[in-house]
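Please keep the structure open while reading.

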Number of protein chains: 2
Amino acid sequence: MPSRPRAVAFDVVETLMSLEPLRPRFAEVGLPPSLLERWFDRLLRDGMALTLAGDYEPFPKVAAAALRTLARGELDEDAVAHVLAGFGELPAHPDVESAMRTLAEAGISMVCLSNGTVETIAGFLAHNGLSSYVDEVISVADVRSWKPPRRVYEYALERMGRPAYEVCLVAVHAFDCHGAKRAGLTTGWASRLEGHYAEVFTPADVLGRDLVDVAHILAALPR
Amino acid sequence: MPSRPRAVAFDVVETLMSLEPLRPRFAEVGLPPSLLERWFDRLLRDGMALTLAGDYEPFPKVAAAALRTLARGELDEDAVAHVLAGFGELPAHPDVESAMRTLAEAGISMVCLSNGTVETIAGFLAHNGLSSYVDEVISVADVRSWKPPRRVYEYALERMGRPAYEVCLVAVHAFDCHGAKRAGLTTGWASRLEGHYAEVFTPADVLGRDLVDVAHILAALPR
């Protein structure tokens, strides 16, 4: 039974940020809209591959390369730019604001820990009226490593000035919860995206259908 | 200008082995056949994520978990087993035998270096009459790490008893060529699968449309 966290570190892309408005942009540049999910899996795969090889490239560059590759090189730079420009106006999932309010009312502080850039994430929070809930936006760019190596979560703890047992990583990706768990954090997983928690990853401490569920369970945990 | 390799280390899944016959099995268990590509990206992503977190699970287990997750947990164990049983009878891509013959005639020896298990890869080679071309089947299971960390390629070199400059890694995945390149190997990439070499990865030394192209270029290189 985990204890109530002092702080939550939210994953951002797909956990807070919906990629759905990018789908019509795929169609606008002549790509199948159904490619959206595969593109996101692919860009995570390629970011992880670079990290495994000892290298690092930032989210926008890996995202663009994955898009060009899934289009088999048949996308001009304007088309790539048009799809990625969508990141500037992506909405929060409908459960985010309510979940953040629940955590704030329970005295649980919040940060974001993302594979994305600080600029994109800060812009997303501002654009969706969420900035006031979030103390800090932490990007993996600072440690030049995509999630989920231990050092990424340890860097976040260092930035937060908190020990692992005070922090809960909340994400919709099982691999992110797995990495955080291995770094000693409490973890919360919302099934909204994946529907099923892949058994190869260490189970999350808290499970919910959406972020509201997860926030309510975390807020109700004993100190 | 690279010199002619003494040996080629072939990636296996999608480079030599076609996953296409798994597609009807997706339909047979009620999954969209179009999920095949996404499933393979996803299982690579999850295998890499485990490696990044300092853990390891073998290919069949990660493949099964990725399948269950993409089915949102709505696949019973018989259905999962039915799809994965397809691995027992997968064909080689049509360019494989000719490419291997070209390399053999040029005095270039061959091994396989795969994220898959030795059993599956050895069975695939035997089933497709390719065993006589391949000196050794090397699995990442021995080093408990999915590609592409440097140590995976260094382990393969150790098993082959060759220095990096004598070996060319041949794959259809740019991330695999990138990792091999960072370990000092020569690399050959066939565009058959990806169509476009993602620019975030270090370019391969040799590029071809298929494995026959790559084999001919390698065989023609000066010693």
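## Salt bridges within chain A

In this predicted model, K147(A) forms a salt bridge (a side-chain nitrogen of Lys or Arg within 4 Å of a carboxyl oxygen of Asp or Glu) with D176(A), the closest N and O atoms lying 2.8 Å apart. The pair links distant parts of the chain, since K147(A) sits in the loop between β3 (134-139) and α7 (150-160) of chain A and D176(A) in helix α8 of chain A, 29 residues apart. Both K147(A) and D176(A) are buried, where buried means under 20% relative accessible area, exposed over 50% and partly exposed in between (1.4 Å probe, protein chains only).

A salt bridge also joins R192(A) to D95(A), with the closest N and O atoms 3.0 Å apart. Here R192(A), at 23% relative accessibility, counts as partly exposed, whereas D95(A) is buried at 8%.

## Contact between chains A and B

The contact (heavy atoms within 4.5 Å) takes 42 residues from chain A and 42 residues from chain B. Across this interface there are 12 salt bridges, among them the one between R68(B) and E199(A), whose closest N and O atoms are 2.9 Å apart.

## Basis of the values

Residues are numbered from 1 along each chain as its sequence is written, and chains are lettered from A and ligands numbered from 1 in the order in which they are written. Because the model is predicted, local features need pLDDT of at least 70 and side-chain atom pairs count only at pLDDT 80 or more, while totals for chains, interfaces and linings use all residues; side-chain values use heavy atoms, with hydrogens and water left out.

How values were computed:
Helix = DSSP H or I, 4+ residues; strand = E, 2+ residues; numbered from the N terminus.
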